[in-house]
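Okay, thanks for coming, everyone.

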Amino acid sequence: MEKLLVYNIGTLQTPVGSCKHGGGAQGENSKIKNAALYAENGIIKAITGDGRLPQGADGADVVKIDAQGALVTPGLVDAHTHLVFGGWRQGEIPLKLRGATYLDILRAGGGILDTVRHTREESREQLLEKSRGFLDEMLSLGVTTAEIKSGYGLDKENELKQLSITRQLQAEHPMDLVSTFLGAHAIPDEYKGRADEYIDMLISQVLPQVAEEKLAEFCDVFCEDSVFDVEQSRRILLAAQKLGLRSKIHADEIEEIGGAQLAGEVQAVSAEHLIATGEKGMEAMAKGGVIAALLPQTSFYLGKTFAPARRMIELGIPVALASDFNPGSCPSLNLQLSISLGYLRYRMLPEEVLTAVTINAAAAIGREHLVGTLEEGKQADLVIWNAPDMETLCYRFGSNLARTVIKKGVVAAGK
Ligand code: NIG
Ligand code: FE
């Protein structure tokens, strides 16, 4: 039996409860001073405070880690990534500097479609190797659970290839991974001007196989001007729901065309981006119990405004923060940068930020019963930080502050 004790924790800070937290509850964290955490076989057995040690934690067979007075939080959860892709897109930046927008580049056959060409060309082995490297780096940054979307295949063969790579990574990597089908990420060249037919093809040919082979738990769609409209988005999400895939929506990233309202209508688990979302969209989300998965690094990278996070919290919408790691709008997989941007640009409090990158993110990918808080019975996924408190973690910027990353009760990265 694997036994682990982390002791001499200055502050153990965690949201409480295996559910999403909105409104005032978003800012409620438990803070246990001078704490210790004991786990057996990857599951938390006891948490104590005031310098006391949990019973049974002193045995010779227990791995003991001295946290040296540092902050300990749950392992971070990245609820939105596009991590399996071929190539990079550094050549887009000079175009942008000369005035082209993200949608200009996509409409001209670049952007996502450029990554699709590379992803189709690269072998399974090449893509696997590259993705493993990304996951190792994320783990070293304190991320212990992540979602991965498809959407760079855009035909049956290549969407299934991407999803099966995620499946292989799920089996071999220490991180917990959750798979999302995003076949409706762009209109591939073969279907240019025929978005409806492309959606028909996804519904009749690809989705049934994704569901049958259980290759994804969620279905997402890029509901955006010049990509998929609300009607097309609704069609694929409802077809996927019939097959058991829960809904997510890339909504209002650039233009507000009704994606957030659709999220409320179809009771999506999450709506993501929401940079351009207005009151109507937020009201629909609040009513439908939709989590707002916000991606501040994408706002930064696209030079956009920042989503109205404070208003969302005011309306009781649970807010999650994620990276959006992808080769176009956010070539960063560092969720710690989302933490700092959430604090500074969304003006979220450190406690609200912690909830956003742990339990609310876990709920956005259906893992709130397993991870996202440090409580008895949950997975022993935690980070010992090179910081004494959440305020410092939010304030520092650009360094990796994760000192020791523990996944299922075992040191997985750091020292
Ligand atoms: O979330 N907007 C759609 N998807 C990604 C970008 C993907 C890409 O540019 O390759 C996003 O920003
Ligand atoms: Fe995205």
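A word on classes before I start: Ala, Val, Leu, Ile, Met, Phe, Trp, Tyr, Cys and Pro count as nonpolar, Asp, Glu, Lys and Arg as charged, and the others, Gly among them, as polar. With that, the shell around ligand 1 splits into four nonpolar, eight polar and three charged residues. This is a predicted model, where local features need pLDDT of at least 70 and side-chain atom pairs count only at pLDDT 80 or more, while totals for chains, interfaces and linings use all residues. Residues are numbered from 1 along each chain as its sequence is written, chains are lettered from A and ligands numbered from 1 in the order written, and side-chain values use heavy atoms, leaving out hydrogens and water.

So who touches the ligand with polar atoms (N or O pairs within 3.5 Å)? Ser329 puts a polar side-chain atom 2.5 Å from an oxygen of ligand 1, and His250 has one 3.0 Å from a ligand oxygen. His185 has a side-chain N or O atom 2.7 Å from a ligand nitrogen. Alone, ligand 1 exposes 320 Å², and the protein buries 100% of that (Shrake-Rupley areas, 1.4 Å probe).

Now helix α9, residues 279–288; helices here are DSSP runs of H or I, at least four residues, strands are E, at least two, and both are numbered from the N terminus. Its buried residues are Gly281, Met282, Ala284, Met285 and Gly288, buried being under 20% relative accessible area and exposed over 50%, with a 1.4 Å probe and protein chains only. They sit on the same side of α9 because they cover an arc of only 160° around the axis, taken from the axis-to-C-beta directions. Lys280 and Lys287 are exposed on the face turned away.

Note on methods. A polar contact is a pair of N or O atoms within 3.5 Å; within protein, one must be able to donate a hydrogen and the other to accept it, and residues adjacent in sequence count only if both atoms are side-chain atoms.
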